[in-house]
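Welcome! Please take a moment to look over the sequence and the model before reading on.

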Amino acid sequence: MDAGPANIGRLPRKERSELMSEEQPTAPAMPRIGDPAPAFTAITTQGEINFPADYKGKWVILFSHPADFTPVCTSEFMTFAMMEEELRAYNTELVGLSIDGLYSHIAWLRTIKEKMTFRGWSNVEVNFPLIEDITMHVATLYGMIMPGESSTKAARAVFFIDPKGIVRTILYYPQSMGRNFDEILRIIKALQTADAFGVATPADWQPGERVIVPTAGSCGVAKDRMEGAEEGVECVDWFFCTRPISLEEVEAAIRKA
Ligand code: BEZ
């Protein structure tokens with residue numbers, strides 16, 4: 001029988017699985033949401049780091065960029081540096097990475113401070129660690145390389161890792177597009193709010209807006225909710241109920257400084 005794509009389903013199971021495993025090589029492993037962040041040690045512009053152990057008890061944004069001395073990356077680094085203090089207020093640290101060497105990193109960060117202006121910012125000092133990853137060890141471990149785009153430059157990946165070292169959110173942008181930093185901050189606040197209050201956040205949620213309460217797990221709870229028995233809880237239908245959490249309550253729960 002012709003083993004073309006239309007006939008694969010009619011082959012005996014053994015032949016079919018052999019053919020499919022030949023045709024569909026397994027994707028390289030990468031951490032997914034809910035996985036422990038893979039551990040590594042690395043040289044950075046702030047000295048050696050032991051990841052994620054050095055960040056136990058803190059949230060970390062581990063991000064990659066394609067290359068030093070490139071314009072989009074420069075605009076992103078200046079933006080991250082300007083956000084560092086605000087992120088620290090939410091117990092969040094930044095760690096950057098590109099497939100470049102340490103001296104390139106140092107020279108680029110010096111250039112940013114001495115020469116670059118962006119959105120009216122100048123004299124911007126990047127104080128968070130930037131990993132040298134010339135061997136691509138960390139970029140490969142985290143699936144930061146998109147071979148269809150480039151096999152030598154990392155994509156713009158962003159891993160949000162919680163204080164227990166678990167990956168909680170992953171974003172990917174292509175090389176041509178600078179990241180949305182409002183969204184990066186919103187993700188940190190939404191994850192921390194979800195943890196602090198045991199709730200979920202609806203589309204485009206911003207701190208201070210109503211949040212989603214966990215779906216009723218029994219007919220009794222569903223009925224009570226629909227009858228307004230839970231104070232503040234409003235239901236559009238039994239499975240879609242919200243409650244208010246004020247901006248002040250959110251900030252009191254998640255802001256650490
Ligand atoms: C940049 O950061 O400007 C950039 C990097 C790689 C490809 C295209 C742009």
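This briefing walks through the model topic by topic.

This is a predicted model, in which local features need pLDDT of at least 70, side-chain atom pairs count only at pLDDT 80 or more, and totals for chains, interfaces and linings use all residues. Residues are numbered from 1 along each chain as its sequence is written.

**The chain as a whole**

- The protein chain holds 7 helices and 12 strands; helices (H or I, at least four residues) and strands (E, at least two) are DSSP runs, numbered from the N terminus.
- Buried residues make up 26% of the 257 residues of the protein chain. A residue is buried if 20 or more other C-beta atoms lie within 10 Å of its own, exposed if 12 or fewer, and partly exposed in between, with C-beta atoms placed from the backbone.
- Among contacts in the protein chain with a separation of 6 or more, 64% join residues 24 or more positions apart. Two residues are in contact if their C-beta atoms, placed from the backbone, lie within 7 Å.

**A sheet of three strands**

- An open sheet is formed by 3 strands in the order E10-E12-E11, with antiparallel pairing. Its edge strands are E10 and E11, each of which pairs on one side only.
- Two strands pair if DSSP finds at least two bridges between them.
- Strand E10 (residues 211–212) is joined to strand E12 (residues 240–243) by 2 bridges, and the two run antiparallel. Val211 has Arg243 in E12 as its bridge partner.
- Strand E11 (residues 234–237) pairs with E12 over 3 bridges, again in the antiparallel sense. Here Glu234 stands opposite Thr242 in E12.
- E11 and E12 also make a hairpin, with 2 residues between them.

**Another hairpin, and a cis bond**

- Strand E1 (residues 40–44) runs antiparallel to E2, and 5 bridges join them. Ala42 has Ile49 in E2 as its bridge partner.
- Between E1 and E2, which form a hairpin, there are 2 residues.
- The peptide bond from Phe51 to Pro52 is cis, with omega near -5°. Pro52 sits in the loop between strand E2 (47–51) and strand E3 (59–64).

**Two crossing helices**

- Two packed helices are described by the angle between their axes and the distance between the axes.
- Helix H5 (residues 181–197) and helix H7 (residues 247–254) have axes that come within 10 Å and cross at roughly 90°. That makes H5 roughly perpendicular to H7.
- Axes are lines fitted to C-alpha atoms, for helices over the stretch in contact, and angles run from 0 to 180 degrees between N-to-C directions. Angles under 35 degrees count as roughly parallel, over 145 as roughly antiparallel, 65 to 115 as roughly perpendicular and the rest as oblique.
- On the H5 side, Lys189, Gln192, Thr193, Ala196 and Phe197 meet Val250, Ala253 and Ile254 in H7. The residues of this contact of H5 with H7 divide into 5 nonpolar, 2 polar and 1 charged.
- Ala, Val, Leu, Ile, Met, Phe, Trp, Tyr, Cys and Pro count as nonpolar, Asp, Glu, Lys and Arg as charged, and the others, Gly among them, as polar.

**Around the ligand**

- Around the ligand are Pro66, Ala67, Thr70, Pro71, Val72, Cys73, Gln175 and Ser176. A residue is near a molecule if its C-beta atom, placed from the backbone, lies within 6 Å of it.
- This shell divides into 5 nonpolar, 3 polar and no charged residues.

**A buried alanine**

- Ala157 lies in strand E8 (residues 156–161). Ala157 counts as buried because 22 C-beta neighbours lie inside 10 Å.
- Not counting residues up to four places away in sequence, Ala157 touches Phe63, Ser64, Tyr142, Met144 and Tyr172.
- Ala157 and Tyr172 are 15 residues apart in sequence, and their C-alpha atoms are 4.5 Å apart in space.

**Two exposed loop residues with positive phi**

- Phe69 has phi near 55°, a positive value in a residue other than glycine. Phe69 is found in the loop between E3 and helix H2 (71–89), and with 12 other C-beta atoms within 10 Å it is exposed.
- Asn123 has phi near 55°, a positive value in a residue other than glycine. The loop between strand E6 (121–122) and strand E7 (130–132) holds Asn123, which counts as exposed with 10 C-beta neighbours inside 10 Å.
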